[in-house]
Amino acid sequence: MDRVVVTTQVVARIGKWLFLGVLLVLSLVPLLWLVLSSFKTTPELFRGPFTLPRHWSFANFTGALSTLPLVTYFRNSVVVSAAGTAATIAISTMAAYALRHKFRLNGLTRNFLMAGLLVPFTPFMTPIFYIIERLGLYNTVWGLALVYAGMMLPVGFLIIKTYMDTIPEETLEAARIDGASFHGVFFRVIVPLTAPGLATAAIFLVISDWNELLFANLLTASPSAQTLQVGITTFLTGYASNYPQAFAGTAMAMAPTVLAYALLSNRVIDSMTASALK
Amino acid sequence: MVKTRKRIVKTRQLVVYLGPSIALALAFIVFPLIFIIVMSFTQWAGLGPARYIGIQNFDYLFHDPSFRAAVVNTLLWGGVGIFVQTPLCLIAALVLSRRPFMWKFIRTLLFVPSVVSTTILALVWYFMFDPEIGLVNGTLTAVGLKSLAHSWLSDPSTAQGAIMVPFVIYIGFGMVLFLTQISTVPKDILEAAQLDGANVWRQDLHITIPSIRRAIALWALFLVGYVLRMFEYPYIMTDGGPINRTMNVSLYIYDQMVTADQYGLAMAAGVVTVLLGPSSWPASCSYCDG
Amino acid sequence: MSREIGGSMMPRKGKRRLGAGLVAAIAAAGTLVPLGQAAAAGPVTINVVSNFTSNIARGQVLETLMKQFNASHQGSIKVVSQTTSDWPSLQAKIRIEVGAGTPPDVFLYNFNPSDTTLERYGASKLINWTPYLKADPSWEARFTKQDLQTLTTGTDTVAVPDDQSSTLIFYRKDIFKKAGIASFPTTWAELFADAQKLHKIGVAAFAEQTDDDAWLSMNQLSYLDISAGGTGAYYATKLQKAPLIKAATELKELFTYAPKDAVGANYAVGSGDFTDGRAAMVIDGPWSISSIASDVPNACTNVGVAVAPTSGSGTEKPGTIVTDALTVWGAAKSSNAAEQKAVVAWMKFYTAPASAALMATKGQFPLAVETPTSSSGSNCLLKQFVNLTNKAPAKVVNIERYMTPEAQAQLPSLVEALVTGGSSSPQQFVSSLQQLNSTSS
């Protein structure tokens, strides 16, 4: 009996590490290749993509930085993602709170706000462009952030509402009895208790906004507003593809974002577990 | 779901709290939806007058083998997302939730690809699968399996599978989501189960997974939305080919709008896509009730 | 078993601050460029919209030219470059903007006789260049009569020519020598024989491309078509059937001599096949010269530029060149007279002899204006290229560039069907193409 248990444990452990190992290799080898390639010259890349570079040159990195304002692009991405996410979260949280109350069109409104979850955005290029143009927000980070806020609203709303619904009405009732107003209940009870939901939504939204390319290309036209994704794909298209430079740009962009995630991720988990331990 | 007894609310408060979201939804989702529905009945080149042509666009779509392939492929992407990618994310999260050696480091490593745009990932895998200079064939040859070396992206039988590889493999995003959810499962319940003799897998199956089933359903739903919008993988890796076999609806729309200047047709395809979405709801909700 | 979640707060807080600080520092560094477009108070600002991004040669020349222009118009006019590197996205943006009634100040697009929707429906919002051309005959004379005629409907000239880049064959002299080919073939029959010789030493004939717009392979199809049917074999929506079927058959045969990754190859992979010696020839435009010169070892001795072979039976004159589309500049009509004058002034400066010379040599991108030939700064390949271009008895635009947009969208997959073992015959290829290419708007 013991031997069987031990063997199962060993098998399970091997299986676990095999699984993780395969995942790690498959996920990371391509990215390692990307970083490796950024040290090569273009002909070297095509001649032997998976060999070590002959000379480890930083030319692509300096070239990428000097030919395009990558730091500006990075800043724009940060602003757009942060602003878009903040807007979606704020607006969704307020809406989810409002929907906890009884009023005639409650169900309809809820479905209305979630309806945009599964719509395709590509054909929306034309109408959304018209709107942004009319608002005078073309080629600004705020226009792009606004579009992201709107496009990601159903996702954010769904996540936040799902979390908010776990807060029992009694908690709200108790606060009201204590004299909290409509707004008071929101700020002092709802928001802190929904924090894990807000954090989850934030992860979704920031990453979705960060990686978006189609509308970033459409709604921006100059470095003051173009995002990192637009910047990196500048190296990639048309008749002058410089893959090593594009990879160098990507590698440089990966570093701070991953660093930020690694250092901030603990906070996210803390906020999630904090509420669970209550 | 906890039952909420609804309370009466003042109209003024409703306007303040619901106003912004309704405005955003109207501007960026409802108005465009109406726009594409109206335009789907026209022939339009993106500028100039739109000619009303009734249901001709839909008729064309119905008979276009390329669009049919696109619909089938999109449903396939959705299925792979729900039944392959999501379980992979879940298993990875469950494994890491037990905090094995260097779990935080592994978690970060697996998350790194999420901050790289889909375009770059597609490009990297485009090179990986290149029959001449790619790593896949290179590795197969190196380990003596040269006979398996293939033109992965230009062979109709392997192309669709090949372009799905990066989609399935990059589980970091979903895994992180599940991990954070799992960490909210009260440890004492798990400890109690362990004391009762349940091993790790039993605990996960009966306690952990059901506790986070809402997150799993959310993720599956999110993936469905994602595959309806995503066109980078087929666009960059195969351009929808070979011979339009790996087309998906989003790429079809993109091609019709941007290259063929057939905006009316693209809008019609968009309308069909909108109808596709809810049809996959039941599948993703198979997770809802554990 | 379960680790403590709280852990030690101080180091974690410190790490957190570091992480946030790092992101903030980088963000702050980039704030040196103001967010959003600052509205220019004094000078008239003209946005020039193109795909001349600053990381490619012609983009850098454009920026130099803009600096010069802005310096000499200090305080009155300021031109700004707005670039989108992806051509289809750029065109979609321009189209949507024109459709919305707010075209960009100056923008670059391909003139396509099969699709004049932009010119027709945007006419009321776009500049008519005729009065400005007529008022300055010396400027008008810098463009070819044929180009201006192409761009004129009735009395209105809708756009100003930018370029119509030739495509020629770049070939590896060293590989040819190794394969035992004495000189570059002058007929297609000779070329196919040479392809077999190349095949014997394991090298492909032409670099190919079936992704995106199948540019590299479409050049071959165009040359094959005019060899079969003369310079009138195709134009826009008119494709002569018999020559095109012959050309498609020959293209299919060329693909049997193609690199292994030919099907599904994009432009970079295709060009990479050439610069890396996996393919001995490539048909491409002048912009490829800089990467060929830098990526092929000893490019001046190892790479040659040649005109395409002919049929040998006199269907077309030797040296006939297939070109890229006529790419042109359109501009928004403005009620503000100062803006209008600024746009015209910029366009005149851009097409001036000195500017054109700089664009041709440093930018490796000859414009469709009379350009003074100067040898300073030209590299060996560019010299050969310009030489052959100037000697060409006739020029025809690439078969794909002037097709209807629907045909252009489907062409790559039709090519894939044609060249992948038997799934579509040349006859089917041509009839499918003709069907898609039949309506003109």
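Tutor: Chain A exposes about 10,300 Å². Carbon and sulfur atoms supply 70% of that area. Keep in mind that this is a predicted model. Of the 278 residues of chain A, 64% count as buried.

Now the overall form. A compact globule of 278 residues would have a radius of gyration near 19 Å. Chain A has 24 Å instead. Along the principal axes, its C-alpha atoms fill a box of roughly 75 × 75 × 30 Å.

Next, the secondary structure. Chain A holds 13 helices and one strand. Read along the sequence, the pattern is α-α-α-α-β-α-α-α-α-α-α-α-α-α. Take the contacts in chain A between residues at least 6 apart in sequence: 72% of them join residues at least 24 apart.

One loop of chain A deserves a stop. A:Asn139 sits between helix H6 (125-134) and helix H7 (141-151). Its phi is positive, about 60 degrees, although A:Asn139 is not a glycine. Most residues other than glycine have a negative phi. Is this asparagine A:Asn139 buried or exposed? A:Asn139 has 2% relative accessibility, so it counts as buried.

C:Ala236 is not a glycine, yet its phi is positive, near 55 degrees. C:Ala236 lies in the loop between strand S9 (234-235) and strand S10 (238-239) of chain C. C:Ala236 counts as buried because its relative accessibility is 8%.

Chain B has a backbone feature of another kind. The peptide bond from B:Gly241 to B:Pro242 is cis, with omega near -5 degrees. Most peptide bonds are trans. B:Pro242 is in the loop between helix H12 (232-237) and helix H13 (249-259) of chain B.

Chain B also touches chain A. B:Phe31 is found in helix H1 (residues 11-39) of chain B. Leaving out residues up to four places away in sequence, B:Phe31 touches A:Pro127, A:Ile131 and B:Leu26. With a relative accessible area of 34%, B:Phe31 is partly exposed.

Back to chain A, for its charges. It has 17 positive and 11 negative side chains. The centres of the two sets lie 5 Å apart. Side chains of opposite charge can pair when their charged atoms come close. The cut-off for buried is under 20%.

Over all chains, the salt bridges come to 16. Chain C contributes examples. C:Arg278 and C:Asp276 meet in a salt bridge at 3.6 Å, N to O. C:Arg278 and C:Asp276 are both buried. C:Glu400 pairs with C:Arg401, the closest N and O atoms being 3.0 Å apart. C:Glu400 counts as buried at 4% relative accessibility. C:Arg401 is buried as well, with a relative accessible area of 9%. In chain A, salt bridges that share partners join A:Arg100, A:Glu169, A:Glu173 and A:Arg176 into one network.

Methods
Residues numbered from 1 in each chain as written. Chains lettered and ligands numbered in written order. Predicted model: local features only at pLDDT ≥ 70, side-chain atom pairs only at ≥ 80, totals over all residues. Heavy atoms only, no water. Helix = DSSP H or I, 4+ residues; strand = E, 2+ residues; numbered from the N terminus. Rg over C-alpha atoms; globule rule 2.2 N^0.38 Å. Buried < 20%, exposed > 50% of the residue type's maximum accessible area, 1.4 Å probe, protein only. Contact = heavy atoms within 4.5 Å. Areas by Shrake-Rupley, 256 points an atom, 1.4 Å probe, with all protein chains shown as cover. Lys, Arg positive; Asp, Glu negative; His and termini not counted. Charge placed at Lys NZ, Arg CZ, Asp CG, Glu CD. Salt bridge = Lys/Arg side-chain N within 4 Å of Asp/Glu carboxyl O.
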